[in-house]
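Subject: A structure to look through

Dear colleague,

I am passing on the structure we talked about, with its sequence, so that you can follow the notes below with it open. Please read slowly and find each residue as it is mentioned.

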Amino acid sequence: MAKQFAEEEFTKSDLKIWRQIFYYLRTSKRNLLLLFGSVVLLALLDTAWPQLVRIVIDDYVLAGNLDGLWEAFGMFFAFSAAFGFIVWAFIFLANLVKQEATYLIRKAGFKKLQELSFSYYDTSSVGWLMSRMTSDTNRIGDILSWGFVDFGWGILVMSLIGVVMVLMNWQLALLTIAIVPVMGLASFWFQTRILKQFRQVRKLNSRITGAFNEGITGAVTTKTLVTEADNLQEFSAFTADMMGASVQASVLSAVYFPLMMTLGSVGAALIIYNGGMQVSFGDLSFGELVMFLSYARFFFDPVMILARRLTQLQEAQASAERVISLLNTDPDIMDTPEVAAKYGAIGAYKKKNWEPLAGEIVLRDVGFKYKTGEEVMSGMDLEIPAGTSVAIVGPTGSGKSTLVNLICRFYEPTSGEILIDGVNYQERSQEWLHSQLGYVLQTPQLFSGSIRENIRYGALGASDGQVEAAAKIVGAHGFIMNFEGGYDSKIGENGAGLSTGQKQLISFARALIGDPKLLVLDEATSSIDIETESLLQQAIQALLKDRTSLIIAHRLSTIVGADLILYLKDGKIVEKGTHVELLSLKGEYHQLYTGQFEQSVIV
């Protein structure tokens with residue numbers, strides 16, 4: 001089932017959204033000015049062109065002045081050259097503005113994704129986020145660039161032509177302009193409905209993107225459970241809904257644009273009829289009639305283009321709403337202004353103010369509830385001296401991961417407090433704590449690139465010698481050197497081409513190279529075979545040395561040497577002590593351990 005995602009709901013075109021979007025044009029001021037200048041020049045040329053046609057018809061063709069045609073040819077050639085240069089300029093500048101705006105929006109979106117808390121990713125699918133940062137930002141870039149060109153050009157051309165027509169023949173001008181209010185009313189009626197449909201299309205598109213992502217990442221599970229038909233049926237329902245919404249939006253758009261063309265043609269027909277009458281009575285020259293017909297075309301062409309852009313603006317509005325809903329999302333965990341001022345923020349750390357971390361952890365009456373109101377922990381007290389290795393065991397849903405995530409400040413307690421080295425960790429920055437944290441997951445996350453780059457990801461400033469030293473300590477050096485490229489061997493997405501054990505050893509080396517004071521091993525050996533586990537145990541011992549460590553364990557054989565073992569049940573610590581002490585209690589831990597031992601003997 002696809003993840004649900006929360007986003008701000010918009011019910012009308014909101015200028016506040018566009019004011020925020022326009023902020024991302026701040027670095028394009030020079031290009032925008034040049035773009036605006038090219039639009040103004042193009043509008044002036046469009047306004048002057050029918051005047052040139054009138055002069056040629058009345059002063060040269062009808063007057064029989066054939067010698068002057070060469071002069072007219074020169075003027076037409078100069079106008080055409082100017083048109084060509086200006087059109088090239090605004091195409092180039094509009095594309096430049098689009099790329100700059102899209103780059104800044106995507107950069108801001110990626111930065112926001114780095115700042116958001118873990119809880120945001122609990123409710124947001126990868127497909128939804130990818131759709132925001134790709135298709136939606138591209139659509140916004142289009143409207144910010146080409147929309148700017150077309151709206152600016154259209155309004156200028158209509159204004160200039162309207163003034164010229166009124167000055168030359170106000171009767172014909174009024175016939176032309178009279179069509180505009182009718183077009184405006186029709187546009188309002190259609191645009192409100194088109195916007196509603198495009199909002200629905202974008203929402204359904206996000207679901208489809210999410211379904212694609214889950215279908216690809218979960219392909220193995222799908223095949224092993226033989227749920228292809230069910231998944232296809234669910235996906236078909238999504239696509240059918242989107243097709244229905246898209247068809248409705250397309251029908252409205254398809255009716256809207258031809259309607260605008262028809263109304264424009266009505267205006268031209270009125271000019272032909274009334275202008276023809278004035279020509280027959282001698283009140284208007286033939287060249288002036290042709291000029292007015294050209295003006296009518298130039299007047300209604302922008303109306304058609306603006307109508308099309310208004311339709312695209314509705315799509316962009318829906319995209320802008322979703323992008324802004326992401327950019328305006330506040331992290332659930334935020335440092336206070338005082339803490340940020342002292343310790344710095346993401347991208348502007350003040351490491352000189354970061355105190356050294358010893359690793360003492362104290363929980364006082366800690367409780368935690370999810371946003372849904374479900375309580376998973378209450379009244380927990382715990383003291384962990386610096387340098388202690390703590391193993392956390394218990395049944396599924398007992399609160400093991402919640403406890404670790406709270407200590408790591410991926411979530412914050414809803415009651416009580418957590419102290420690191422005697423100070424409430426909310427009085428220090430998240431980055432201060434996370435920079436001292438090494439985290440090894442059950443399923444190691446590796447990135448495309450070389451093995452060396454993946455290990456160095458734990459400390460970007462590490463030298464090649466430090467990378468290799470970390471690999472040797474955890475026992476990864478041997479298999480790495482067996483690859484043809486050694487440490488520079490390229491691995492695919494998520495470590496394609498490596499075994500699970502090899503991936504885990506690389507992730508251990510990555511955790512070690514940062515020399516963290518706090519170490520978390522989250523089921524780090526549960527998905528590997530017994531032979532590989534013995535190798536990993538050596539790596540774990542190297543990692544645990546002189547560090548405070550939290551070990552979530554499924555295989556109890558891996559944590560018998562821990563300084564402290566916590567047995568959790570229903571969000572509470574029901575037993576704690578060393579392995580020997582807990583066995584002597586003959587309680588929950590004893591039952592769990594002996595049960596695993598008996599199973600291993602049977603196997």
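Predicted model: local features only at pLDDT ≥ 70, side-chain atom pairs only at ≥ 80, totals over all residues.

I begin with the helices. Two packed helices are described by the angle between their axes and the distance between the axes. Helix H1 (residues 15-22) and helix H5 (residues 126-168) pack at an angle of about 85°, and their axes are 12 Å apart. Angles of 65 to 115 degrees count as roughly perpendicular, so H1 is roughly perpendicular to H5. On the H1 side the contact is made by Trp18, Ile21 and Phe22, while H5 contributes Ile140, Ile143 and Leu144. Sorted by class, this contact has six nonpolar residues, with no polar and no charged ones.

H5 also packs against helix H6 (residues 170-177), here at an angle of about 145° and with the axes 6 Å apart. In this contact Met165, Val166 and Met168 of H5 meet Trp170, Ala173, Thr176 and Ile177 of H6. The classes for H5 with H6 are six nonpolar, one polar and no charged residues.

Next comes helix H12 (residues 400-407), where seven of the eight residues are buried, so the helix is largely enclosed by the rest of the structure. The buried residues of H12 are Lys400, Thr402, Leu403, Val404, Asn405, Leu406 and Ile407. After H12 comes Arg409, which has a positive phi, near 65°.

Arg409 leads on to the charged pairs. Side chains of opposite charge can pair when their charged atoms come close. In the whole structure, a search finds 15 salt bridges. In one of them, the side chains of Arg409 and Asp335 meet, at 3.3 Å from N to O. Because Arg409 lies in the loop between H12 and strand E6 (415-420), and Asp335 in the loop between helix H10 (286-327) and helix H11 (337-343), the pair ties together parts that are 74 residues apart in sequence. Both Arg409 and Asp335 are buried.

Arg428, in the loop between strand E7 (423-424) and helix H13 (430-434), touches both Asp335 and Arg409. Among the other residues that Arg428 touches are Val339, Tyr343, Glu355 and Ile420, when residues up to four places away in sequence are not counted. Why does Arg428 count as buried? Its relative accessibility is 10%, and buried means under 20%.

Glu468 forms a salt bridge with Arg452, in which the closest N and O atoms are 3.5 Å apart. Since Glu468 lies in helix H15 (residues 464-473) and Arg452 in helix H14 (residues 451-456), this pair ties together parts that are 16 residues apart in sequence. Asp488 forms a salt bridge with Arg452 as well, with the closest N and O atoms 3.1 Å apart. This pair links distant parts of the chain, for Asp488 is in the loop between helix H16 (477-482) and strand E10 (490-491), 36 residues away from Arg452 in H14.

With a relative accessible area of 11%, Arg452 is buried, whereas Glu468 is partly exposed at 25% and Asp488 is partly exposed at 48%. Finally, Arg452, Arg456, Asp464, Glu468 and Asp488 are linked in a network of salt bridges.

With best wishes

Terms used
Residues numbered from 1 in each chain as written. Heavy atoms only, no water. Buried < 20%, exposed > 50% of the residue type's maximum accessible area, 1.4 Å probe, protein only. Helix = DSSP H or I, 4+ residues; strand = E, 2+ residues; numbered from the N terminus. Axes fitted to C-alpha atoms, helices over the stretch in contact; angles between N-to-C directions. Parallel < 35°, antiparallel > 145°, perpendicular 65-115°, else oblique. Contact = heavy atoms within 4.5 Å. Nonpolar A, V, L, I, M, F, W, Y, C, P; charged D, E, K, R; others polar. Salt bridge = Lys/Arg side-chain N within 4 Å of Asp/Glu carboxyl O.
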